[in-house]
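Subject: Structure handover

Hello,

Here is the structure I said I would pass on.

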Amino acid sequence: LSPKLLTIDNFFEHPRDVASKLIHLYHDARKIGQIDSALICLTHAWRFRLFGGHNLRLICKAYEDNLEFTAKNNIYCAKYMLLDAFLVMQLTGKTIDCSSVCSSVFGSPVASLDDIGSESESFKDNRFVGNFHLCKMLICYWNGNLVEAGRELQLSYACPSLKMPRFSLIYHTFFGGLVLLALHRQMGGSNDQILKQGRDAMKGMESWVNVSMALFDNKWLLLQAEYSACIGDHDRAQMMYLASINAAKDHGYTHELALAYELWGNYCLANDNKYSNCASSSESFRQACVYYEQWGATTLAEKLMRRHNLRMHPGARKAELLEGKSKQARRRD
């Protein structure tokens, strides 16, 4: 299977395409008894689906169905699958019964991402530690804990694996840039070093966007929007927020569409809607909730509703199909 794996571009291909190829290789490996190879393909396939915006409820079911078998046959894969499972539990509010698997993998009970972090220090696996800090940063950022997200980002810089051209580098750069730019605003715009680091993340994304518009376009536009908001370029900020929303729709990224609506709502609210030329901040937050729900991130939707005292319109939770589920996106599905 090694030659087939080498044909997969796991950096510039759309994550749905990569996941689909890996699932095919998983089934091929199972047929010929290559269990280790099969589980490596399966673990990476679901990780691509997770970060690519696949429905979190289906991902939960996949982990429930495969964790025990994976732990019995490949501890290395089980570690990564558990790390992603705890990330999914944080996003969805669902519980995956993995206590016995955790004991066999880590040698002690593990009940949270923090527990995994404590255990990860005993592993001589820089790549795993880097991915732990990435997952922790994502959760802190989505929960609005920017200081803690910034701390996890700084810890992740010590992990060389996150500087390699792998899929995790994309999300480390994207969310790292968002964390830095949000921290700059939270500090009153007084830290030029943080602003520069955020701009560097935006420039890094810009260098990739010409190679794969489908993968990087909406991310680059959202980083531009946040950077423009930081420097007070309100005309450009508005244009970039709306462009990122449209790009996420076009490419079928439900999770990043929800995030773009949330950040657009934050921008409108911070500026008393005076620069907004579209819906109110409340309407933007409602749209974010709709798409978080569609993704399966019920916890994020509920927190956003509580934070902004929102009431969903009747039937709003039944979100319309993404405009990005067009001919090309449907072919991938």
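Below are notes on helix packing, aromatic rings and charges over rings.

Please keep in mind that this is a predicted model.

Helices H5 and H8

The axes of H5 and H8 come within 10 Å and cross at roughly 5 degrees. An angle under 35 degrees counts as roughly parallel, and H5 and H8 are therefore roughly parallel to each other. On the H5 side, the residues that meet H8 are Tyr76, Lys79, Tyr80, Leu83, Asp84, Leu87, Gln90 and Leu91. Their counterparts in H8 are Arg127, Phe128, Asn131, Phe132, Cys135, Leu138, Ile139 and Trp142. Lys79, one of the H5 residues in this contact, lies over the face of Phe128, at 5.2 Å from the ring centre.

Helix H9

H9 covers residues 146–156, and its buried residues are Leu146, Ala149, Gly150, Glu152, Leu153 and Ser156. Seen down the helix axis, these buried residues fall within an arc of 160 degrees, so they line one face of H9. Among the elements that cover them are helix H8 (126–142) and helix H10 (167–186).

Aromatic rings

How many aromatic pairs does a search of the whole structure find? The search finds 16. One of them is Tyr76 with Tyr80, a tilted pair with 5.2 Å centre to centre and 55 degrees between the planes. Tyr76 and Tyr80 are 4 residues apart in helix H5 (residues 75–92), so about one helical turn separates them. Is each of these two residues buried or exposed? Tyr76 is partly exposed, with a relative accessible area of 38%, whereas Tyr80 is buried, at 8%.

Trp264 and Tyr267 form a stacked pair, because their planes are at 10 degrees, with the ring centres 5.8 Å apart. These two residues are 3 apart in helix H14 (residues 254–270), so they too are separated by about one helical turn. Both Trp264 and Tyr267 are buried.

There is also an aromatic cluster made up of Phe48, Phe51, Tyr141, Trp142, Phe167, Tyr171, Phe174, Phe175 and Trp295. Trp142 belongs to this cluster and is also one of the H8 residues that meet H5.

A further charge over a ring

Besides Lys79 over Phe128, the charged end of Lys219 sits over the ring of Tyr253, 4.4 Å from its centre.

Regards

Definitions and conventions
Residues are numbered from 1 along each chain as its sequence is written. This is a predicted model: local features need pLDDT of at least 70, side-chain atom pairs count only at pLDDT 80 or more; totals for chains, interfaces and linings use all residues. Side-chain values use heavy atoms; hydrogens and water are left out. Buried means under 20% relative accessible area, exposed over 50%, partly exposed in between (1.4 Å probe, protein chains only). The arc is that of the directions from the helix axis to the C-beta atoms. Contact means heavy atoms within 4.5 Å. Rings of Phe, Tyr and Trp (its six-membered ring) pair if their centres lie within 6.5 Å; planes under 30 degrees apart count as stacked, over 60 as edge-to-face and the rest as tilted. A charge sits over a ring if NZ of Lys or CZ of Arg is within 6 Å of the ring centre and within 35 degrees of the ring normal. Axes are lines fitted to C-alpha atoms, for helices over the stretch in contact, and angles run from 0 to 180 degrees between N-to-C directions. Angles under 35 degrees count as roughly parallel, over 145 as roughly antiparallel, 65 to 115 as roughly perpendicular and the rest as oblique.
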